[in-house]
Amino acid sequence: MMRPVLLLHRWLGILIGAVMTLWCLSGFVMLYVDYPRLTPAAQLGGLTPLNLSAGQAGTLSDAMMLSAARIEMMAGRPVLRVTPALDPTRAIPQMRVSAGTHDWASGKAVEQVDPQNIHRIAREFGRNSAIAGPVGQVAQTEMDQWTVQTFRRNAPLYRVDYADAAGTQAYVSGKSGEVVQLTTRFQRFWGWLGAVPHWLYPTILRQDGALWSQVVIWTSLIGCFLTITGLWVGIARLRRRRDGSIGSPYRGLWWWHHMAGLFFGILTLTWVASGLLSMNPWGLLDSEAMMTERQRLNGDFAWGDARRAIAALPALPQGSVRLEVVPVAGAVHLVAIDRAGKAQRFDAAGRSAALSEAGLRAALQDGPSIGSIVLLRQEDAYYYGHKASVALPVWRVILADDQATRLYVDPASGRLIRAFDRNGRAFRWLQDGLHRLDFPLLAMVTLVCGTGTWMGLSKLRRDLRRVRNRRRRARALPPLIGETA
């Protein structure tokens, strides 16, 4: 039994071990440089202060039901960006509206943004974001390495090359006029060495989401099998020495791989398995807590209620770049946000109103009872930052349901930030808790994978050399009697 397992482990180690070593090496990069993306803070930082003097979305029906709406500036004019309510029972034909952008003054849908306005959007974004350089080339682009996640829902997409020292590139949606991606030369360089190989993310594969998912899942599964067989072989190959101690029969690199595999094999297995779980294979850790609890906490609202609340607002706070409608239990509230991300909440009468504990309890009364409500002023095991800070303070609600669901609600805006049911908490520990290793632990995993791959390749070279030598000797031998013509 041992020989087939050893052979399987050795030959799998050449291909899958190389992929795992690549995951490890690129993981070092990702400890410090993540995949380039436009963060919410950077998106806010590129917006122009709001000017709502041009009337109010006149052609939109007051009875139209929405789940989200926000107002911001685009190419010198205010626009309304809406998301329709998801409840199909409310889809009355004359009240339907597609998710998208509408002109604030007329209410007409913005079907497509022309190139001239794209250039203006890019210029305003660069100025507001303090990008130290003028707008260079602006051209429509196809899907590339940095837009595989955003291209389809934002096409046509325009790439903007700024003439700054950082080599900044922004991508603007021709559909909505929003800046949807931002990269620099530094991020792109390290992205090719970090996120792209680590996530098996080349454009040719990632553009087919289903295929990419299956490739990552099955590669990770084989990696788990490779690690398990390695642990088995490593234990079976231990030998008792003459002095009674137990050790490895190997020397050199083989000894390092044997010992590293025994000591850090479990760590390697948990690291690969947690990477597998990050793909949520076959829906094992599906969680609908965020969607369900957001709908229960916020609910839908009629555009007419939002319009009247906006009209009742005495004046926008100084420097506001976005005005969002954030209902709580269906009651409309407005949240004005400035470029630094500071939020100020107003009720339907235009009065400043942060979300209180009493208001939060009232919003959650139609559902499971509340186990506890605490205003957190520091991070906890489920609400924490990773390579970015999180907003504090925050309301933490633990429900007395069978899932012990946790909700984290922003008191400044009333927005649900995070929600964790049982599966969500399991995902946090099985994926985040095991996979985001620090430098020393990742170095040990790299040692196991790297030495194993090198040994497999060395054995393959020796086997190929042996085959070639046998063939040469066979050709050099004189013909046997009777074999000559």
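**View A. Helix 9 meets helix 13.** The axes of helix 9 and helix 13 (residues 422–435) come within 8 Å of each other, crossing at roughly 130 degrees. Axes here are lines fitted to C-alpha atoms, for helices over the stretch in contact, and angles run from 0 to 180 degrees between N-to-C directions. That angle makes helix 9 oblique to helix 13 (under 35 degrees is roughly parallel, over 145 roughly antiparallel, 65 to 115 roughly perpendicular, and the rest oblique). This is a predicted model, where local features need pLDDT of at least 70 and side-chain atom pairs count only at pLDDT 80 or more. Residues are numbered from 1 along each chain, and side-chain values use heavy atoms, with hydrogens and water left out.

**View B. Who touches whom.** Helix 9 brings T270, W271, S274, G275 and L277 to the contact, and helix 13 brings F427, L430, Q431, L434 and H435 (contact means heavy atoms within 4.5 Å). Sorted by type, these residues give five nonpolar, five polar and no charged (Asp, Glu, Lys and Arg count as charged; Ala, Val, Leu, Ile, Met, Phe, Trp, Tyr, Cys and Pro as nonpolar; the others, Gly among them, as polar).

**View C. A loop residue, R237.** You'll find R237 in the loop between helix 8 and strand 8 (239–240). (Helices, H or I of at least four residues, and strands, E of at least two, are DSSP runs numbered from the N terminus.) R237 has 24% relative accessibility, so it counts as partly exposed (buried is under 20% relative accessible area, exposed over 50%, partly exposed in between, with a 1.4 Å probe and protein chains only). R237 and S248 sit 11 residues apart in sequence and 7.0 Å apart in space, C-alpha to C-alpha.
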